Amino acid sequence: MTPETIDRIFIIWKHWLLSYAPAGVQPLFSALLSVVPVLAVFPLLFAITTVLERKGLGRIQNRYGPNRVGPYGFFQPIADGVKSLTKEDVVPRTADQAVHFLAPLLLVAAAFLAYAVLPVGRNMVVANLNAGVLFFFAVGSLVELAVFMAGWSSRNKYSLLGAMRAIAQMISYEVPLVLASVVVIMAAGSLSTVTIVNMQASYTGIWPHWFVFTPWGFVGFVLFMIAATAEANRSPFDLPEGESEIVAGYYIEYSGFKFALFFLGEYLGMFATSGMAITLFLGGWAAPFSFLTWVPSYFWFFAKLLVLIAGFIWVRGTLPRLRMDQLMNFAWKFMLPMTLLNIFVAGTWHFMAAGSVRWLVCAVLIFAPSVLLALGLEKGKKKIAARTYRFAE
Amino acid sequence: MLGEGIVKGLAETARNFLGSYVSKDRLTTVQYPEERLPQIEAARNFPFLVYDGEDWQQGMRCVSCLICEKECPPKCISIEKSKDKKLDASGKPQFYPTVFNIDVSVCMSCQICVEVCPFDAIKMDVDFELSTKDRFGDLLWNKERLSKSNEYYREIHPTEAAAVDAQLAEERAKLEAKSKLAAEAKAAAAATVPAQPAVGATAEK
Amino acid sequence: MTIPFLILAAPTIAGIAAAMYLRNLVHCILALTLGFAGLAALYLQLDAQFVGFTQILVYVGAVAILAVFAIMMTRSAGPMAQPVFSSSWIKGGCVAGAVFAVLAWAIYRSATSLKMLPPQPEVAVRQIGDALMHRFVLPLEIMGLLLTAALIGAVLIAMQEKPEMQ
């Protein structure tokens, strides 16, 4: 088998399976064959991620992490799944039954819809939409509605507070998230994810043309990832869950399988935004070096995805939770100006002649204001004397 | 500098992450069922009834005074006092508990029963693996299950047991001396009763 | 009147009707959101991807959430006490019927609805951008100015008053 065959293997399989279907149902069958792998692969990735996350966080805290179920504890997600499936599904008596039931379904459905436009490999995308990036963000905004439904229908103060926090946070960070991706749309001149990846899948020498290797692309990527962390409600932006003050936020009244659905939806959302970051900035399925193009394209996509997930886990193991005012200040006083500035820089880059001058100008244009903005964030803060710890080293 | 603290923190966690694979000293976790920490002597979990000698029914120190039952904060002890008396280890007729139950799931390991027991009959055990699958039958421990020998007590709490043994021996010696004294006095009194009947009469009052 | 159109139109109409008739305000908003989503699906069925996705992004993602927030912050979200039908429902029905008649008449008489248009090539986002930046740049800028003014006004209202002392 040639590398090309391996690269196209899933497409070949799909055509082979499709040839058995009668002509009338072929469009339906084709759609099914595209959707089912997505429905299978990403929940599997979710299962693997939960165990890797727990093990990784454990090691960061000098613990073993789960190591009992199966070899090295890798069957832990199966045990967790059995547990949450067999648990009693408690619905509060005063809850709004229908909305309470629909909220987790909407969340998971929205999370799955986002995968429709992610090119997982060469010619491997469920739907090559003309306005793919827009579709992604439109579907992402459904999550807010699901969160509100969950928080409101539970008739619980904690869940309502958690939902308020979550929605405020998601709306605040959706603005920088979209604006950070605008630079790529400007450069690519298209909203189609497939076109964006194809533009990055070329090489100068051995180096790829990923957008992250430009000043505006790098800054855009960093801002996108920060906003994505906040969108996914992950640490350090996990205020909506806030175990210590509002117990578990908007899903406090969910148990058993519905809770598992929330968990799944949250992780799927994280994977989807990571996948979008890969598509926009990290070259999608493109190999990092020209001499590695023989490796199948889907391998690169998932390798990059796992690297980003590892980054998420690492950050979660490191940073403490932000306060609400810090969160909002960061969104509106740093992220938003930086993304707007980044758009301006991308325009400057576009109209300047290629060369080192362009690099210098754009780097200065980004770096200087970012430092000033950071100082501005620092300003109103009370100075706290350095603490001495008696027992820590 | 912007983000300096974040980078520092990330470096620290990365060092912990990688270090935990390199040096085993970093991992403080004890893998419990296979590995165990050495039991510390003052450990306590659940009370047991001490008996002297070989036979647990014969040697039970408990005299069914019901103090522990009254003092127990979560009320997990239930005792039924006997109607008759039985000779205890020192050969003295005493009441004994016909039923002595303690509920494992209710006990909070406070040790108040031990503190209040005037007979050193109830002590704290170190065994903590008391979980069971039968939540109705297996969690209420009866007299037989609660009884453990004084040798066992010496084994798990050597220092404490030695002190208790010494105290008991002392008390017993004192008692014996007293009884001997009393017997002598009785004998003497018996000898002198005909001479001084009035003294005996006032003493009886 | 194709079958897909009917399938999409039914939940849209049902959602909007439910938004009028449900007694719980939050339920109304959620039903209205269903109507918005159905409308977006209708746009998509007309091959207007950009408009359809923008409809979801703006109406489902932002307007519905804003409405929900507004309800939760101003009054309790419990069911209303007064009946759904107000006493002046006849007048309201007359006004609604009149508006519908005018719109229907206008659409029916307009030139586009009479002749069958040739199938248009799919409008790319680039063309929309070009149109906004060249032909419709003045309306766009005016709208931008208006929104900025509204934003500043909102910030001014929300801003904490500085204490008079010191």
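Biologist: Leaving aside its neighbours within four places in sequence, which residues is A:R234 in contact with?
Modeller: In this predicted model, A:R234 is in contact with A:E53, A:T229, A:Y267, A:M270, A:F312, A:I313 and A:R316, its neighbours within four places in sequence being left aside. Contact here requires heavy atoms within 4.5 Å.

Biologist: What makes the pair A:R234 and A:E53 a polar contact?
Modeller: The side chains of A:R234 and A:E53 are joined at 2.7 Å. The cut-off for a pair of N or O atoms is 3.5 Å, with one atom able to donate a hydrogen and the other to accept it. The value of 2.7 Å is within 3.5 Å, and therefore the pair is called a polar contact.

Biologist: Is A:R234 buried or exposed, and what value decides the matter?
Modeller: The relative accessible area of A:R234 is 6%. Buried means under 20%, so A:R234 is called buried. Its place is in the loop between helix 10 (215–231) and helix 11 (243–246) of chain A.

Biologist: Why is A:Q200 counted as buried?
Modeller: Its relative accessibility is 0%. The limit for buried is under 20%, and A:Q200 therefore counts as buried. The residue is found in helix 9 (residues 193–200) of chain A.

Biologist: Which backbone atom does the side chain of A:Q200 reach, and which residues are in contact with A:Q200?
Modeller: The side chain of A:Q200 reaches the backbone oxygen of A:L280 at 3.3 Å. With neighbours within four places in sequence left aside, the contacts of A:Q200 include A:H209, A:W210, A:F211, A:T279, A:L280, A:F281, A:L282, A:G283 and A:A286.

Biologist: How do you know whether A:V184 is buried or exposed?
Modeller: A:V184 has a relative accessible area of 0%. Buried means under 20%, so the residue is buried. A:V184 belongs to helix 8 (residues 157–188) of chain A. Beyond its neighbours within four places in sequence, A:V184 is in contact with A:G189, A:I196, A:F211, A:W216, A:L280 and A:F281. The C-alpha atoms of A:V184 and A:G283 are separated by 11 Å, while the two residues are 99 residues apart along the chain.

Biologist: Why is A:N123 classed as it is for accessibility, and what is said of its phi?
Modeller: The relative accessible area of A:N123 is 63%. Exposed means over 50%, and A:N123 is therefore exposed. Its phi is near 60°, a positive value in a residue other than glycine. A:N123 lies in the loop between helix 5 (97–113) and helix 6 (132–140) of chain A.

Biologist: Is B:S64 buried or exposed, and where is it found?
Modeller: B:S64 has a relative accessible area of 1%; under 20% means buried, so B:S64 is called buried. B:S64 is found in the loop between strand 1 (46–51) and helix 2 (67–71) of chain B. Its phi is positive, at about 60°, although B:S64 is not a glycine.

Biologist: How do you know whether the radius of gyration of chain A agrees with that of a compact globule?
Modeller: For 393 residues, a compact globule would have a radius of gyration near 21 Å. Chain A has 22 Å, which agrees. The C-alpha trace of chain A spans about 65 × 55 × 40 Å along its principal axes. The secondary structure of chain A comes to 15 helices and 2 strands, and 51% of its 393 residues count as buried.

Biologist: What does the globule rule give for chain B, and what follows from it?
Modeller: Chain B has 7 helices and 8 strands. The globule rule gives 17 Å for 205 residues, whereas the radius of gyration of chain B is 27 Å, so chain B is more spread out than a compact globule. Its C-alpha trace spans about 105 × 40 × 35 Å along the principal axes. Buried residues make up 31% of the 205 residues in chain B.

Biologist: Which chains share the most contacts, and how far apart are the closest C-alpha atoms of chain B and chain C?
Modeller: Of the 2 pairs of chains in contact, chains A and C share the most contacts. No contact joins chain B and chain C, and their closest C-alpha atoms lie 28 Å apart.

Methods:
Residues are numbered from 1 along each chain as its sequence is written. Chains are lettered from A and ligands numbered from 1 in the order in which they are written. This is a predicted model: local features need pLDDT of at least 70, side-chain atom pairs count only at pLDDT 80 or more; totals for chains, interfaces and linings use all residues. Side-chain values use heavy atoms; hydrogens and water are left out. Helices (H or I, at least four residues) and strands (E, at least two) are DSSP runs, numbered from the N terminus. The radius of gyration is taken over C-alpha atoms; the globule rule is 2.2 Å times the number of residues to the power 0.38. Buried means under 20% relative accessible area, exposed over 50%, partly exposed in between (1.4 Å probe, protein chains only).
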